[in-house]
Amino acid sequence: MPDCAAYSPLKEKFGEHCVFGAPASGFTTYRAGGPAEVLVRPGSREDLLWLAGWCRAAGVRLTLLGRGSNVLVSDKGLPGVTVLTGRLSGIKVSGRTITAEAGALWDDVARLSAELGLAGLDKTAGIPGSVGGAVRMNAGAFGQETFDRLVWVEALDQAGGLLRLEKKDIPHGYRRAEGLEKLILLSAGFEFEAGDIAVLLQDRSCVLAARETKQPLEFPSAGSVFKRPPGDYASRLIDAAGLKGFRIGGAEVSAKHAGFIINSGGATAADIYALMCEVRARVKAGSGVELELEQILLGDF
Ligand SMILES: Cc1cc2nc3c(=O)[nH]c(=O)nc-3n(C[C@H](O)[C@H](O)[C@H](O)COP(=O)(O)OP(=O)(O)OC[C@H]3O[C@@H](n4cnc5c(N)ncnc54)[C@H](O)[C@@H]3O)c2cc1C
């Protein structure tokens, strides 16, 4: 049970945007997992800075989430304060530069860039996360990734200091951006090449159509469970291990795209986690390949 009295300053400041014991099924795309002790949705950058300062002073753990589209939250829930950044969604355009707050929907940036004839991220259309989540994961698709166009990020460190990191200061690679784990990302700047609006919008439509055709978008999931192993595809290896449609409880390896685990109805986080482990073990036994998790486990497993 959350200690509501201890958190009363948060309730006073954030009102309806501060909720006790909200289940992760309501704020993650897996639609599974236990409760956040306290869930806060700050409405401005100043409020987020205030909240981070409050947690630091009180010694309370703070977990940051964008759209919860790349995480699995334990059934035991998340202790401390969980912050959803979705209300910090400002986007500004200046020439070939787009600046976005961390909670802006990634696809709003991708769509806007295509509509303005700014090339370089149009193929990341439809990634259902936030700008902060996309930077943290170096999210990408169809040969493009967030860091292709990233110029800088602005962040808050654990001591409460504001930082501006240039791309060159952040070691990064395929679904990897190092050193961001302990930072609160506040905003990011992207620079584009000039492109042809009609071509970019056409590319965008093709990508969205391909997602619709290939991915089980009709079920809750968190996208690809595992990273692509060198020279191969996780989905191919999982399919080759005969695991399409394999289930544990309500969790199922998607028959449409073996790289996805779907919540086919009433899955617990324990079901999903057990299935992840089983898939890894069977792929290792069948092919010798050790799949690496792309998704992030939060809480106790
Ligand atoms: C149907 C579907 C399709 C998908 N397709 C793709 C795809 O094509 N390519 C791809 O790369 N991914 C894909 N994903 C996965 C996911 O959408 C991306 O990884 C996305 O970038 C995660 O963003 P998020 O805001 O949801 O992050 P969350 O899941 O909320 O968080 C992910 C991590 O980022 C951290 N984080 C989030 N915001 C901040 C912040 N402001 N500051 C610091 N840390 C932060 C969190 O603490 C967590 O560690 C897909 C997911 C789904 C459900």
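This is a predicted model: local features need pLDDT of at least 70, side-chain atom pairs count only at pLDDT 80 or more; totals for chains, interfaces and linings use all residues.

User: Which domains does the chain have?

Analyst: Domain bounds come from an automatic or database domain assignment. Here the assignment gives domain 1 (8-84), domain 2 (91-214) and domain 3 (234-298). The centres of domain 1 and domain 3, taken over C-alpha atoms, are separated by 28 Å.

User: How many residues of domain 1 and domain 3 are in contact?

Analyst: Two residues are in contact if their C-beta atoms, placed from the backbone, lie within 7 Å. By this rule, 12 residues of domain 1 are in contact with 11 residues of domain 3. On the side of domain 1 that touches domain 3, the largest share, three residues, comes from strand E4 (residues 71-73). Helices (H or I, at least four residues) and strands (E, at least two) are DSSP runs, numbered from the N terminus. That side of domain 1 has six nonpolar, four polar and two charged residues. In this classification Ala, Val, Leu, Ile, Met, Phe, Trp, Tyr, Cys and Pro are nonpolar, Asp, Glu, Lys and Arg are charged, and the others, Gly among them, are polar.

User: How should I read a sheet, and in what order do the five strands of the open sheet stand?

Analyst: Two strands pair if DSSP finds at least two bridges between them. The five strands form an open sheet in the order E6-E7-E15-E11-E12, with antiparallel pairing. Strand E6 (91-94) and strand E12 (162-166) stand at the edges with a single partner strand each, so one side of each has no neighbour in the sheet. On average, neighbouring strands of this sheet are turned by 15° against each other, direction ignored.

User: How many bridges join strand E11 to E12, and how many join E11 to E15?

Analyst: Strand E11 (residues 150-156) is joined to E12 by five bridges, and six bridges join E11 to E15. Both pairs run antiparallel. Towards E12, Leu156 has Leu162 as its bridge partner, and Ala155 stands opposite Leu163. Towards E15, Val153 stands opposite Ala188. The hairpin of E11 and E12 has five residues between the strands, and Gly160 there takes a positive phi near 90°.

User: How does one describe two packed helices?

Analyst: Two packed helices are described by the angle between their axes and the distance between the axes. Axes are lines fitted to C-alpha atoms, for helices over the stretch in contact, and angles run from 0 to 180 degrees between N-to-C directions. The axes of helix H3 (residues 106-115) and helix H5 (residues 197-214) come within 8 Å and cross at roughly 145°. Arg111, Ala114 and Glu115 of H3 make the contact with Ile197, Leu200, Leu201 and Arg204 of H5. By class, this contact has four nonpolar, no polar and three charged residues.

User: Which residues come nearest to the ligand?

Analyst: A residue is near a molecule if its C-beta atom, placed from the backbone, lies within 6 Å of it. Of the 32 residues around the ligand, Gly66, Gly129, Gly132, Gly133 and Gly223 come nearest. Strand E3 (62-65), helix H4 (131-137), strand E9 (140-141) and strand E15 (184-191) are the elements that give two or more residues to the shell. H4 gives the most, with five residues. The shell divides into 16 nonpolar, 14 polar and two charged residues.

User: Finally, is Thr146 buried or exposed?

Analyst: A residue is buried if 20 or more other C-beta atoms lie within 10 Å of its own, exposed if 12 or fewer, and partly exposed in between; C-beta atoms are placed from the backbone. Thr146 has 27 C-beta neighbours inside 10 Å and therefore counts as buried. Thr146 is found in the loop between E10 and E11. Thr146 and Ala134 are 12 residues apart in sequence and 6.4 Å apart in space, C-alpha to C-alpha.

Terms used. Residues are numbered from 1 along each chain as its sequence is written.
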